[in-house]
Amino acid sequence: ESPSRRRKNYGTDFKNKIMMYDKIFKRAEELENETAGFLCDLIRTPSFSCKEKEVIELIKSKMESAGFDEVRIDGLGNVIGRIGNGKRIIAFDAHIDTVYPGEMSLWSFDPFTPKIEDGKIWGRGSVDQKGGMASMVYAGKIIKELGLNKDFTIYFTGTVMEEDCDGLCWQYIINEDKIKPELVVITEPTNMNIYRGHRGRMEIMVKVKGFSCHGSAPERGDNAIYKISRIALEIEKLNERLAYDEFLGKGSVCVTQVFFSSPSQCAVPDAASIQLDRRLTFGETKESAVAEVKEAAELAGYPDAEVEVLTYAEKAFTGLVYPTEKYYPTWKIPEDSDYLKDASAAYEKTLNRKPEIGKWTFSTNGIAIAGMNGIPCIGLGPGNEVLAHMPDENSPVKHLSECAAVYAALVYKMNNP
């Protein structure tokens, strides 16, 4: 049953607008098979971080055939489609790189040979997050066909290297492409809910030095592994006392990797280090997180331990290296944000149900857009975040057309307040 048949309570003043929302929904349904087909094409085109060239060219071609006003690839490799030329600027974003498939025996099919089965599209990237890209492009097609935009310049960004370094792509777009929207819709998977934030994160290395000697007489040396182990235990305790935010939840920290150096397997190690995954709740900062790790090292008895926030400096497929510190700030928009109200209204008028408002567990490009630059973001995307990075990744086909409809409806709503 279509939303138009189920609507009962809208007044006559809204009749024309409601008819347009119905038209948007119907067109998205008509294009659902095409949208799903495009997602299948994206899945069968592997695009790991720093190796996205082929899929970027595929997206560029699809945007052009959908009637976008301009499509280009920037210096980092992001594909940027534009519709309209208004004074106000909004953007829709999807990162188009994926993680590797991992252990192939855990998949019941080839992850790069997509299939449509049980009302779902199966394959690597179907959830995280090529589904959002497919819905975005077809939302653009609907916007053009139905003439939904008059006031805005709308950018549709297919962004690179997010799995390696979330937000780097948008640091480049804002700082180098000089695009600074008033709102960005992040199309990462939300299971058809609307999200308004997530915790930030950091990658931190803690290093200690020891003194090597022959393993037959360890008392002659100073074992760096023992030192770093005691610090690791203090990090475990630190996790229990980190800050809590009512919406985003608790900050967290854990040891994710351990390294050491030693002259041989029969020698006391002369250096050791641990890498930390630090998730930052609202109110926590880079400075506060580093200070807490230094305090943990002091509590372990090693105040001279080196604490370093790591740097990302990998080469994009274009050949460009665009270094950044691995500090990814926390962000959230207020519950009473006008952008959130517009998104919720567009959702309800298009799908005839109210959205649930929530947050991501993982991190997104929002850390650069909102966290670093203060640009409001909202999230809506096909697929369930829980299935991201998993074997047998899959997303409901219906989510694709529903997202495309809501994206187009949001543009209409913002043009017709």
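I looked up the lining of the largest cavity in this predicted model: Val185, Ile194, Ala343, Ala346, Ile378, Gly379, Leu380, Val406, Tyr407 and Leu410. A cavity here is a set of points, on a 1 Å grid over the protein atoms alone, where a 1.4 Å probe fits but cannot get out, and lining residues have an atom within 4 Å of a point. I noted a volume of about 70 Å³ for the largest cavity, volume being the space filled by probe spheres set on grid points joined across faces, edges and corners. The count is one cavity of 30 Å³ or more.

I sorted the cavity lining by class: nine nonpolar, one polar and no charged residues. Nonpolar covers Ala, Val, Leu, Ile, Met, Phe, Trp, Tyr, Cys and Pro, charged covers Asp, Glu, Lys and Arg, and the others, Gly among them, are polar.

I then checked elements (DSSP runs numbered from the N terminus; helices are H or I, at least four residues, strands E, at least two). Helix 9 (338–351), strand 21 (377–379) and helix 11 (397–415) each supply at least two residues of the cavity lining, and helix 11 gives the most, three.

Next I took the largest pocket, with about 320 Å³ of space; a pocket is an open set with protein on both sides within 12 Å along at least five of seven lines. Its lining has 20 residues, and Glu163, Asp166, Arg201, Arg279 and His389 are closest to the centre. I count four nonpolar, six polar and ten charged residues in the pocket lining. Strand 14 gives the most to this lining, with four residues.

I number residues from 1 along each chain as its sequence is written, and side-chain values use heavy atoms, without hydrogens and water. Local features need pLDDT of at least 70, side-chain atom pairs count only at pLDDT 80 or more, and totals for chains, interfaces and linings use all residues.
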